[in-house]
Amino acid sequence: CTCSFLDTDRALVLLEEYCKKLRKPEEQQLKKAIRKVMGIFKSSLFQALLGSFTKKATRHGTISHPSLPAAVVYDVLGCPKD
């Protein structure tokens, strides 16, 4: 499903924007952790697992909208969902 890949890209953009705001020395550990998450989102293994999960969940009616990565980022960063 192309939607899950687009949502991953959206999540990566949100994470990158948030990382740019982390400038204080005490925020660098958080920034490093976020960059690790971004690396995972970019990995081909994550993309394959996400695609598989999305197809199965959508087929079984478990989820109605396959925007898992973006939803997680919104929740973690406290962003409004539009």
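1. Glu 16 and Arg 35 form a salt bridge, with their closest N and O atoms 3.1 Å apart, the term being used for a side-chain nitrogen of Lys or Arg within 4 Å of a carboxyl oxygen of Asp or Glu. Because Glu 16 lies in helix H1 (residues 2-21) and Arg 35 in helix H2 (residues 28-42), the pair ties together parts that are 19 residues apart in sequence. By this rule the count comes to one salt bridge.

2. The model is predicted, so that local features need pLDDT of at least 70 and side-chain atom pairs count only at pLDDT 80 or more, while totals for chains, interfaces and linings use all residues. Residues are numbered from 1 along each chain as its sequence is written, and side-chain values use heavy atoms, with hydrogens and water left out.

3. The protein has four helices and zero strands, and along the sequence its pattern reads α-α-α-α. Helices (H or I, at least four residues) and strands (E, at least two) are DSSP runs, numbered from the N terminus.

4. Of the protein's 82 residues, 28% count as buried. Of its contacts (heavy atoms within 4.5 Å) between residues at least 6 apart in sequence, 56% join residues at least 24 apart.

Note on methods:
Buried means under 20% relative accessible area, exposed over 50%, partly exposed in between (1.4 Å probe, protein chains only).
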